Amino acid sequence: MRASSPTHTKSTSSVTDDQVTWNLHHPSALEMLEQIIDASKGKQIVMFLDYDGTLSPIVEDPDRAFMSKKIRKTVRKLAKCFPTAIVSGRCRDKVYKFVKLAELYYAGSHGLDIKGPEKRSKSKSDGESVLFQPASEFLPMIDEVYKQLVDTTKSTPGAKVENNKFCLSVHFRCVDEKKWSELAQQVRSVLKEYPKLRLTQGRKVLEIRPTIKWDKGKALEFLLESLGFANCTDVFPVYIGDDRTDEDAFKILRDRGQGFGILVSKFPKETSASYSLQEPDEVMDFLRRLVEWKQLSLQAQSRM
C-alpha cells in the first residue's frame, strides 16, 4: 500500500538524481509541446482525461474534489476543438456532477459505464444514450459488498467506502498509516467470499472491480471505435492521468504506436506514459496551450 501511496520523501539529493534521470525518459509535456504538435499534424487529436489528480487536486474528502472554474472553462474549449472524454474510477453520474459539461464523453467506474455526449432532441428517449455497460450483471453483488465493507471498516477511523456503481473504492487518505494493513485485511476478509471481484490499489485507495477483462485501456479503445477511429492511422489519442489504473490506457497507446500518454506526478514513477506534468495546474496550462494552437491553426486556414 505504501508503494502506491507514498507519505515520505527521500533526501533532497536523492530525489534530484532520480528526478533528473526520470525526466530524461518522461519529459515535461509543456516543454515538449512543439514536438507533440508536430507529431499530431495531419491527424485527428482525441483527448482522454482522468479526473481526480488530473483535473482536480487530490483532497482528503473525495466528495469535495471540485474542479476550478478556470479548468472547466479550458476543458469546454478543448471539447470544441477535439473529441474529449473523461475516464474516471468514479461513478459516471458523480464525475458528471463535478465536471458539468454535457458535450463530453464520460467513462465512469474505470470504463465500465460509458456514455456519449447528450443529444439535443425534443424526444426524451433520444436525449441521452448509454454506449456501454459491460458489468451490469455485477450490480447486485457490488451493492451487497458495499454494505458489508461499510460495516466492516467502520471500526477504522478515517476509512471511507465509496460506491461507484460498477466498482467500489475504499479511501484511506485520512487513516493513520499504522492502520493501513489492518484496513486492507478487513477488505480482503469481505472479498474472499466474492471470487468474481478483484482488488487493486491506487493513490491511498483500494479499488474493488469485477474480474471481467475491462479497464481504462479497453474503454479508450471502445471510445476510439465509437468515434470511427478503430483502424485509422490518422488518429492521435492523448491520455492524461495520474494513477495506476491509467497505466492500462498508457500501455494501449504505446502498443498501438499512436498518440501518447502523460502521467501527472511530482515524483518519479514506473510508467508507460511518454511525457509528464506535475499537477492539475500544469494540466490546465497544457490544455490551454493546445487549444490556442488549434484556434490559431483554424484562423490561418480560414484566411487561405
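Lys70, Ile71, Thr74, Val75, Lys77, Leu78 and Cys81 of helix α3 touch Pro280, Met284, Leu287, Arg288, Leu290, Val291, Lys294 and Gln295 of helix α9, contact here meaning heavy atoms within 4.5 Å. Sorted by class, this α3–α9 contact holds nine nonpolar, two polar and four charged residues; Ala, Val, Leu, Ile, Met, Phe, Trp, Tyr, Cys and Pro go down as nonpolar, Asp, Glu, Lys and Arg as charged, and the others, Gly among them, as polar. The model is a predicted one, in which local features need pLDDT of at least 70 and side-chain atom pairs count only at pLDDT 80 or more, while totals for chains, interfaces and linings use all residues. Residues are numbered from 1 along each chain as its sequence is written, and side-chain values use heavy atoms, with hydrogens and water left out.

Now for the geometry of that pair. Helix α3 (residues 69-81) packs on helix α9 (residues 280-303) at an angle of about 35 degrees, and their axes are 9 Å apart. The axes are lines fitted to C-alpha atoms, for helices over the stretch in contact, with angles running from 0 to 180 degrees between N-to-C directions. Helices (H or I, at least four residues) and strands (E, at least two) are DSSP runs numbered from the N terminus.

For helix α5 (residues 139-153) and helix α6 (residues 180-191), the axes come within 10 Å and the crossing angle is roughly 145 degrees. On the α5 side the contact uses Val145, Gln148, Leu149, Thr152 and Thr153, and on the α6 side Leu183, Gln186, Val187, Ser189, Val190 and Leu191. That makes six nonpolar, five polar and no charged residues.

Thr54 sits in the loop between β1 and α3 and is buried at 0% relative accessibility, where buried means under 20% relative accessible area, exposed over 50% and partly exposed in between (1.4 Å probe, protein chains only). Leaving aside residues up to four places away in sequence, Thr54 touches Ile71, Ile240, Gly241, Asp242, Val264, Pro280 and Val283. Ile45, in strand β1 (residues 44-49), is also buried, with a relative accessible area of 4%. Under that sequence cut-off, Ile45 touches Ser40, Phe82, Pro83, Phe236, Val238 and Trp293. Ile45 and Cys81 lie 36 residues apart in sequence, with 8.8 Å between their C-alpha atoms.

The largest cavity holds about 350 Å³, and its lining has 24 residues, with Asp52, Ile58, His171, Val205 and Asp243 nearest the centre. By class, that lining has five nonpolar, seven polar and 12 charged residues. The second largest pocket holds about 170 Å³, volume being the space filled by probe spheres set on the points, which are joined across faces, edges and corners.

Terms used: 1 Å grid on protein atoms, 1.4 Å probe; cavity = no way out; pocket = protein on both sides within 12 Å on 5 of 7 lines; lining within 4 Å.
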